[in-house]
Amino acid sequence: MGDFRSVERFSNVLSGVVKLTKTLSDDRQQIVGLQFAPDFLGRPFQAESTLAAEPHSEPHSTCAREPEQAMRQTAASVSHQT
């Protein structure tokens, strides 16, 4: 997981906590951030990411996910309206 992965979807945290981690060159995981409701997960203008996101709260975290292509279409239509 230390290398780049393509971005396939974006998410909004609806409840709970999501832990962001990065895998180091020696395969250890480093926590690089925590996301809380209503944080947005993903970087809309990057095609790849080195971060992994996983639920970190008990009993669970809830996220609303949107495919990458749908988010890009929404962003394009908004940018053309302004």
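## Overall architecture

Read from the N terminus, the elements of the chain follow the order β-β-β-β-β-β-β-β-α. The model is a predicted one.

Of the 82 residues in the chain, 23% are buried. The accessible surface amounts to about 6000 Å², and carbon and sulfur atoms contribute 51% of it. Among contacts in the chain with a separation of 6 or more, 69% are made by residues 24 or more positions apart.

## The three-stranded sheet

An open sheet is built from three strands in the order S4-S3-S7, with antiparallel pairing. Strand S4 (29–36) and strand S7 (51–55) lie at the edges and have a single partner strand each, so one side of each is left without a neighbour in the sheet. On average, neighbouring strands of this sheet are turned by 30° against each other, with direction ignored.

As a general principle, the strands of a sheet pair through backbone hydrogen bonds, in either a parallel or an antiparallel manner. In a regular strand, side chains alternate between the two faces of the sheet.

Strand S3 comprises residues 17–23 and is joined to S4 by seven bridges, the two strands running antiparallel. Within this pairing, Lys19 has Leu34 in S4 as its bridge partner.

The two strands S3 and S4 form a hairpin, and five residues lie between them. In the turn, Asp27 adopts a positive phi of about 70°.

Ser11 is located in strand S2, which covers residues 9–15. Is this residue buried or exposed? Ser11 has a relative accessibility of 9% and therefore counts as buried, given that the cut-off for a buried residue is under 20%.

Which residues are in contact with Ser11, once its neighbours within four places in sequence are left aside? The contacts of Ser11 are with Asp39, Phe40 and Leu41, and also with Cys63, Ala64 and Arg65.

Notes:
Residues numbered from 1 in each chain as written. Predicted model: local features only at pLDDT ≥ 70, side-chain atom pairs only at ≥ 80, totals over all residues. Heavy atoms only, no water. Pairing = 2+ DSSP bridges. Helix = DSSP H or I, 4+ residues; strand = E, 2+ residues; numbered from the N terminus. Axes fitted to C-alpha atoms, helices over the stretch in contact; angles between N-to-C directions. Buried < 20%, exposed > 50% of the residue type's maximum accessible area, 1.4 Å probe, protein only. Contact = heavy atoms within 4.5 Å. Areas by Shrake-Rupley, 256 points an atom, 1.4 Å probe, with all protein chains shown as cover.
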